[in-house]
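Me: I would like to go through a structure and ask what the terms stand for. Please set each value against its definition.

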Amino acid sequence: MDFLKSLRARTGSKQRDILSKLDIGMILKTFPVWMSKNSDIHDNMPLIPEMFDLAIIDEATQCDIASCLPILQRAKRVAIVGDPKQLRHVSFLARSKQTILASKEGLGAEVADQLDYRSKSILDLAEETITEQKRVQFLDEHYRSRPDIIQFSNRHFYNGSLRIMTQNPELIQFRNIQVIQCNGVREKNGINRNESEKLLKLILDTVESQSHLDPEYSQSIGVTTPFRHQADYLGELILREIPIEAIQKHKILVGTPHSFQGEERDIMCLSFVLDEKSSATAFRYMNQSDVFNVMVTRARVEQVVFLSIRESDLNKNSLLASYLLYLRGYYQEPTCGQLSQLPDSAHPVHDALNKAGYKVWPSFDVAGLEMDLVIQKKGRTLGIDLIGFPGRFEDAFSLERYKMLKRAGMRIFPLAYSEWGRSQEECLDSIREF
């Protein structure tokens, strides 16, 4: 009851007074897990050192060092989670003011640089101070986006180190990114009306086509652009032309990439705004790797790119040119290995599964791992782990690989060479039952 009073207190001094008298041990026993924004922690919990066993700071690239100090003070241990390839916090502190403050507090040049509020996040500080590699974990399993949506960033920003957990035969047949050439003009006020009108039409069509669906079955929609004036214009346009009920139903969010850090939507509409006459400064901003990376990785199911500039008019080394080049090439890439990659000993398995009515993919990539065979029938998909078959697929998968493939939604059937040699029909029956 006293804790509830503290939350309802109208003044900070009254709230702090109530919080200081609480039995915090009882509160933590009742509610052992807390979630809070950095800026709200002082309103919810008293400043007691090490009151939590563990604090987790998420989206750490967007957290400045100063705002994290109250969290660090309240925890025995901390896990700092973030992506250095994504956006940092925005600081309005002038560099000259920061220099004056550092001098006033007697900070040497090295410490002042380490605690640089303007340009360093809590993740940057953690990376600079950690001395043991075992304290660093790379979260490499990607669950959000369909393969073609995330693959550009995987290759361009992460050196192919992400394991794409959505890779499966049911999704590779879809083309989930489309580019719409709008032939628009970026006006002096920073707005591209052609792109805005075509983008609005797509949203209206989506809203209409899903009008019969309940909210839980309707697709969410996001709209992002690198430029603030276009984001504001699109936001006003959507509010004016789309009923508020539809905006809520489809969770429509409009903003710059900064608005989408930590966000995702089923459908993302990307308005790049620029035309061939746009300033070099605007092109340089759009070419910032963190802005571009966040912008093209928010979609779960579908990404629609609205352009007013031809690919031939872009700097070939720009991120947008690289992205368009990737799109032209990605859908021509083979989705799995060739039959010739199977060892001779496995060809009878492939042929028998085909004859039994299965669609068969040899050497199929799942979560960055090569699956010996992937089969599908009546919408059901199964991976086949060939064990003991002479050749490159002789070894069984490790337990860790089985666990990873399960997380990717791929069920695995282990098929032993000895069992196949003893009775092919029994093996096929077992696969059917499994």
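Me: How do you know that S5 and strand S9 are paired?
Reply: Two strands pair if DSSP finds at least two bridges between them. S5 and strand S9 (residues 299–307) are joined by 5 bridges and run parallel, so they count as a pair under that rule. One of the contacts is that of glutamine 181, whose bridge partner in S9 is leucine 307. The strand and helix names come from DSSP runs (H or I of at least four residues for helices, E of at least two for strands), numbered from the N terminus. The chain has 20 helices and 13 strands.

Me: Where do the residue numbers and the values come from?
Reply: The model is predicted, so local features need pLDDT of at least 70 and side-chain atom pairs count only at pLDDT 80 or more, while totals for chains, interfaces and linings use all residues. Residues are numbered from 1 along each chain as its sequence is written, and side-chain values use heavy atoms, with hydrogens and water left out.

Me: What makes S5 and S7 edge strands?
Reply: The open sheet has 5 strands in the order S5-S9-S8-S6-S7, with parallel pairing. Strand S5 (177–181) and strand S7 (253–255) each have a single partner strand, so one side of each has no neighbour in the sheet. Neighbouring strands here are turned by 15° against each other on average, direction ignored; the axes behind such angles are lines fitted to C-alpha atoms, for helices over the stretch in contact, and angles run from 0 to 180 degrees between N-to-C directions.

Me: Why is the phi of asparagine 183 worth a remark?
Reply: Most residues other than glycine have a negative phi. Asparagine 183 is not a glycine, yet its phi is positive, about 50°. Asparagine 183 lies in the loop between S5 and helix H11 (193–209).

Me: Why is asparagine 183 called exposed?
Reply: Buried means under 20% relative accessible area, exposed over 50%, and partly exposed in between (1.4 Å probe, protein chains only). Asparagine 183 has 59%, so it passes the limit for exposed. Over the chain, buried residues make up 44% of the 434 residues.

Me: Which residue has a positive phi in the hairpin of S11 and S12?
Reply: Lysine 378 does, with a phi near 55°, in a hairpin with 2 residues between the strands. Lysine 378 is not a glycine, and at 81% relative accessible area it counts as exposed.

Me: What joins S12 to the strands S11 and S13?
Reply: Strand S11 (residues 369–377) and S12 run antiparallel and share 5 bridges; in S12, leucine 382 is the bridge partner of isoleucine 375. S12 and strand S13 (residues 412–416) run parallel, also with 5 bridges, and isoleucine 387 stands opposite alanine 416 in S13. From S12 the chain crosses through helix H18 (residues 399–407) to S13 in a right-handed β-α-β crossover. Right-handed means that, with the strands pointing away from the viewer, the path from the first strand over the helix to the second runs clockwise. In strand S12 (residues 380–387), 6 of its 8 residues are buried.

Me: Why is the pair of tryptophan 361 and phenylalanine 364 called edge-to-face?
Reply: Rings of Phe, Tyr and Trp (its six-membered ring) pair if their centres lie within 6.5 Å; planes under 30 degrees apart count as stacked, over 60 as edge-to-face and the rest as tilted. The centres of tryptophan 361 and phenylalanine 364 are 6.3 Å apart and their planes are at 65°, so the pair is edge-to-face. Both residues are buried. The search of the whole structure finds 15 aromatic pairs.

Me: How do you know that the charged end of arginine 186 sits over the ring of phenylalanine 227?
Reply: A charge sits over a ring if NZ of Lys or CZ of Arg is within 6 Å of the ring centre and within 35 degrees of the ring normal. The charged end of arginine 186 is 4.7 Å from the centre of the phenylalanine 227 ring and sits over it. Lysine 377 does likewise over tyrosine 358, at 4.9 Å.

Me: Why is cysteine 63 in no disulfide?
Reply: A disulfide is a pair of cysteine sulfur atoms within 2.5 Å. By this rule the count is 0 disulfides. For cysteine 63 the nearest cysteine sulfur, that of cysteine 68, is 4.5 Å away. Cysteine 63 is buried, with a relative accessible area of 9%.
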